[in-house]
Amino acid sequence: METTAGYFDGLRPLRRVAALQLDAEALLLSIDGGPVFRWNYQSIRYDGLDGPRLRLHREESGAHTGEVLELEQGLFADALMARCPSLSGAAAERRRTRTRVLGWSLAAIVSLGALVFYGVPALASRLAVLVPWTTEVSIGTAVEGQILREMSQGAPRICSARADSPGTRALRTMTERLSAHANLPGPVDVKVLDSRVENAFALPGGKIVFMRALIEKAQSPDEVAGVLAHEMGHVANRDAMRGLIHAGGVSFLIGTLLGDFTGAGALVIASRFLLTSRHSRSVETEADLFAIDVMAKAGGDVRALGGFLRRVAQTPGERQLELLLTHPVTEDRVAEIERRAVPPVRPILSQQEWLALRNICRD
Amino acid sequence: MQASAIASVPSVPATALETVAEPRQGEGMRVAASGSGLSALVWRGLFLTIVTLGIYRFWYRTDLRRWYWRSTAVAGDGFEYRGTPGELFIGFLIALAVTLPLYFAGALAALFIASEATTSLITLGGIILLVVLAQYGAYRARRFRMTRTVWRGVRLDQGGSAWRYARVSILWGLATLFSLGLTLPLFRRSIEGMKIANTRFGTASGRFSVPVGGLMLRWVPVWLVIVLTIIGAVALFIAAAAEPDGTPDQRAAAGFGFLLMLAGLAISCAAWPFYRAAEFRLFTNGSGLGPLSFVSDLKGRSLLGMYLIFGLVLAGLGMLALVLAAFVIGGFAALFTLSDGRIGYGMMIVAAVCYLGGLYLFMGLKELLLNRAFWRRATGSITVFGLDQIHDVMGAPVDGDNAAGEGLGDALDFGGV
């Protein structure tokens, strides 16, 4: 069997003609009618591409010689392929490698998923309680500025900034009365932000922020106190720190481990969203139980929190969505609060203090 | 109408501007840029890339390159890409080792340093560091591709210093920023020049000499239209903000101004491909490689057609997606929202699938309608001269294995080539 093929010696970029013949152990080449060379079948390598031409290379003691043979597909090429063990296996080997890559990638994704959904939350709960309170406070201070700016258009206005205003004093009275029964890891720092959003949240280090609209929505001081006690529950359970470690761990795992693949950013956001709504239920219930306990010990009206939550949830409009996303209100939650309620002893604030607190942003 | 107005912009005879630096000897050979089977490769490779959250991309990218290299031929001999997916993967790991500590340090600094000024200073420093690394990576990535490119059994190579490249490109980038884009051609000329002049084919070295005058003559009209449009839009916005309800005359003037801005925007968009084509011709005609010299006859309208097709296809698909979304979400919303109004898991999954599907379509169409189209038009526009002189060229051993792959260029994939 004979044919001709293109030959490049790897030294000069010139196409030469090789006359090819198949021998028992080797491919015989004669370049431009010159003397015959032997390419052992074992030494022939193939670039694995199925184009109109086969591109063959030769290896000598593990290294590429630089020679290239370009052969048209056809009977001769098939016969040559059949004789070279490394050629006939090349395509199959390539497929096997890719199957392995795919299989193990999927396996890695499954274990990554398990880590993200179960491992990181578990780790976050264990780690959060180990973070010293002073560290948590300095993290909270760093985060607070950013979050307050994000929450308000323009410079954030803190209504409770003046320590001697009546509203701030009323807020302090309420905070002190609840704190006395709360067994917190450290003192809490409660602020009121001038905002039309009806929400309240706790940041790391005992920083609790009330939005002005939530206070205005309340009909009694005990409703505000119920929410404050609930946020104190988050502080006591180190939920903000836990959330921070959790979110950081997840974005670190997904974002950087997988490189800057275009989809990774959105996947991080989506998975974080899924995770928060998934874990928030039990976290919120824990904080409710804490609030019920503190309100009962402080002699306040436990039921106020349940009624307030239900009322906020039923308000139509977009602004309540924010609260619902971070604090899902379910009938179970409200029912649990009502079941455990004990009769109130005395209101959390006097009528006068309550008025001052409601008007805290108008001072 | 717009197109004809644009076509008259480069009305100076092309030959007057793009004089060939050296006399062409002998017969020229046109580069062949055509092949079949890319679509199947792209749709399959992208699917696997998305399913594996990106891990498969090293294999996909290698397949793409093998296809493009094989389908590009000079004088009947196709190029050969000898890089392997494993090399790209190792490069990615190296980049990870370099950038992970940086990301981690940045995150820690943001958390523990309470001072906002310090935090933003650290953020700024981090961004600068990443931009420098990205430029460094882009140059190294090209070196990687060159050392794995073979034509007629002889390897290409790229010398030069990647740090110098990073320094020059950042200085020119800043100059372009501060000159509001006026020096863009000089920026591009300088970085393209570094790449081409440092390219080697065996013992043959690259050279690059492109006259500044011709380049700026092409750019300044386009730049003026863009800058005037932006200035006009800002002025219009300020005037409208200052006087929300003006007299009928004022409103008519504003309306006319608005139309003028739209026209300016359309002209800017249509003029860009014409500039790109002229730039490509100038860069190609000014490049050489040992005995080889090149001439391109790329047409601006050919690139304009490419962008138009891509834009129309995207717009059509976007419209279709909106109609589908309206039907699907309208019909099934009840299934996916919970009784208390919250968004359920079902909706999240549908949204994720839609997002990934859209990403898949976009990336595939971009490869086929932009990247392949540009390769066909631009690479196929080149004629190579001096092929009868290349027997003097010797294959040279490539120094250094450069296993770093395209690591940094891959992990910091912005502004890469």
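W163(B) is found in helix α7 of chain B, which covers residues 162-178, in what is a predicted model.

**W163(B) and its surroundings**

- When its neighbours within four places in sequence are set aside, W163(B) is in contact with V132(B), L133(B) and Y136(B).
- Along the chain, W163(B) and S293(B) are 130 residues apart, and in the model their C-alpha atoms are separated by 28 Å.

- Helix α8 of chain B comprises residues 184-197, 14 residues in total, and its reach of 20 Å from first to last C-alpha is close to the 20 Å expected at 1.5 Å a residue.
- The buried residues in α8(B) are L184(B), P185(B), L186(B), F187(B), S190(B), I191(B), G193(B), M194(B) and K195(B).
- The axes of α8(B) and of helix α9 of chain B, residues 212-242, lie 9 Å apart, and the two helices pack at an angle of about 135°.
- The crossing in which α8(B) passes α9(B) is right-handed, and the contact brings L184(B), P185(B), L186(B) and R189(B) of α8(B) together with V212(B), L215(B), M216(B) and W219(B) of α9(B).
- By class, the residues of this contact between α8(B) and α9(B) are seven nonpolar, no polar and one charged.

**Helices α3 and α4 of chain B**

- Helix α3 (residues 38-51) and helix α4 (residues 57-71) of chain B cross at roughly 170°, and their axes come within 9 Å.
- Since angles over 145 degrees count as roughly antiparallel, α3(B) is therefore roughly antiparallel to α4(B).
- In a left-handed crossing, α3(B) passes α4(B), with L38(B), L41(B), V42(B), G45(B), L46(B) and T49(B) of α3(B) meeting R57(B), Y60(B), D63(B), L64(B), W67(B) and Y68(B) of α4(B).
- The contact of α3(B) with α4(B) is made up of eight nonpolar, two polar and two charged residues.

**Overall make-up of chain A**

- Chain A contains twelve helices and ten strands, and of its 363 residues 48% are buried.
- Among the contacts in chain A with a separation of 6 or more, 62% are accounted for by residues 24 or more positions apart.

**Residues with a positive phi**

- Most residues other than glycine have a negative phi.
- R238(A), although not a glycine, has a positive phi of about 55°, and its place is in the loop of chain A between α6 (221-236) and α7 (239-257).
- R238(A) counts as buried because its relative accessibility is 10%, and the limit for buried residues is under 20%.
- In chain B, A75(B) is likewise a residue other than glycine with a positive phi, near 55°, and A75(B) is found in the loop between β3 (72-74) and β4 (77-81).
- A75(B) is partly exposed, with a relative accessible area of 27%.

Key: Residues numbered from 1 in each chain as written. Chains lettered and ligands numbered in written order. Predicted model: local features only at pLDDT ≥ 70, side-chain atom pairs only at ≥ 80, totals over all residues. Heavy atoms only, no water. Helix = DSSP H or I, 4+ residues; strand = E, 2+ residues; numbered from the N terminus. Expected span 1.5 Å × (residues − 1). Buried < 20%, exposed > 50% of the residue type's maximum accessible area, 1.4 Å probe, protein only. Axes fitted to C-alpha atoms, helices over the stretch in contact; angles between N-to-C directions. Left-handed = near helix turned anticlockwise from the far one by under 90°. Contact = heavy atoms within 4.5 Å. Nonpolar A, V, L, I, M, F, W, Y, C, P; charged D, E, K, R; others polar. Parallel < 35°, antiparallel > 145°, perpendicular 65-115°, else oblique.
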